[in-house]
Amino acid sequence: MRFAQIEIVLQEVPGEVSICFSITGCPLHCDGCHSPYLWKKTNGELLTTTLFRDILLQYKGFATCVLFMGGEWEPQQLEKLLKIAKIDGYKTCLYSGYESIPQFLKQQLTYIKTGAWNKNLKGLDHPNTNQKFTEVATGKNLNHLFIRP
Ligand code: SF4
């Protein structure tokens, strides 16, 4: 698994400071994709478990959640990293373009965003979006947290 960037984000998971890993190799190729550089599997840097642990250690006490933008196309590798994040005390979130993901991955997630990018329906901050942001344990849809008054 490779990543194009790692950044601290405040809006993608409501109420959390998230370490966001943008994973390359996205197979969905949505029309109007905002990040086509994520399509090529060989782009970016290898996300080794050592590097992952180092990043989590670096932000311990500041960040509260580990967010993966993609990576579900390498489910075993993703599961392994999510387990590490949970053991380290982080909440976990996956932004997936799929409608659903395997149960064994869901078990490692606090939150999940599902649904491909549709340039007409737009993202979570739009009331008519096709995308869903869900709290996994309760199955609650939390899209309302993204809508600005
Ligand atoms: S899922 Fe995201 S990164 Fe992948 S093609 Fe669609 S918009 Fe781009």
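Helices (H or I, at least four residues) and strands (E, at least two) are DSSP runs, numbered from the N terminus. The model is predicted, and local features need pLDDT of at least 70, side-chain atom pairs count only at pLDDT 80 or more, and totals for chains, interfaces and linings use all residues. Residues are numbered from 1 along each chain as its sequence is written, and side-chain values use heavy atoms, with hydrogens and water left out.

His29 lies in the loop between strand 2 (18-23) and strand 3 (45-46). Most residues other than glycine have a negative phi. His29, not a glycine, has a positive phi of about 50 degrees. With a relative accessible area of 43%, His29 is partly exposed, a class between buried (under 20%) and exposed (over 50%; 1.4 Å probe, protein chains only). Lys122, in the loop between strand 6 and strand 7 (132-135), also has a positive phi, of about 65 degrees, and is partly exposed at 33% relative accessible area.

The ligand is surrounded by Cys26, His29, Cys30, Cys33, His34, Trp39 and Trp117, a residue being counted if one of its heavy atoms lies within 4 Å. This shell divides into 5 nonpolar, 2 polar and no charged residues.

Strand 5 (residues 91-95) is largely enclosed by the rest of the structure, because 4 of its 5 residues are buried. Strand 4 (residues 65-69) runs parallel to strand 5 and is joined to it by 5 bridges; pairing requires at least two bridges found by DSSP. Val66 stands opposite Thr92 in strand 5. Strand 5 is also joined to strand 6 (residues 111-114), in parallel, by 3 bridges, and Tyr95 has Lys113 of strand 6 as its bridge partner.

Note on methods: Ala, Val, Leu, Ile, Met, Phe, Trp, Tyr, Cys and Pro count as nonpolar, Asp, Glu, Lys and Arg as charged, and the others, Gly among them, as polar.
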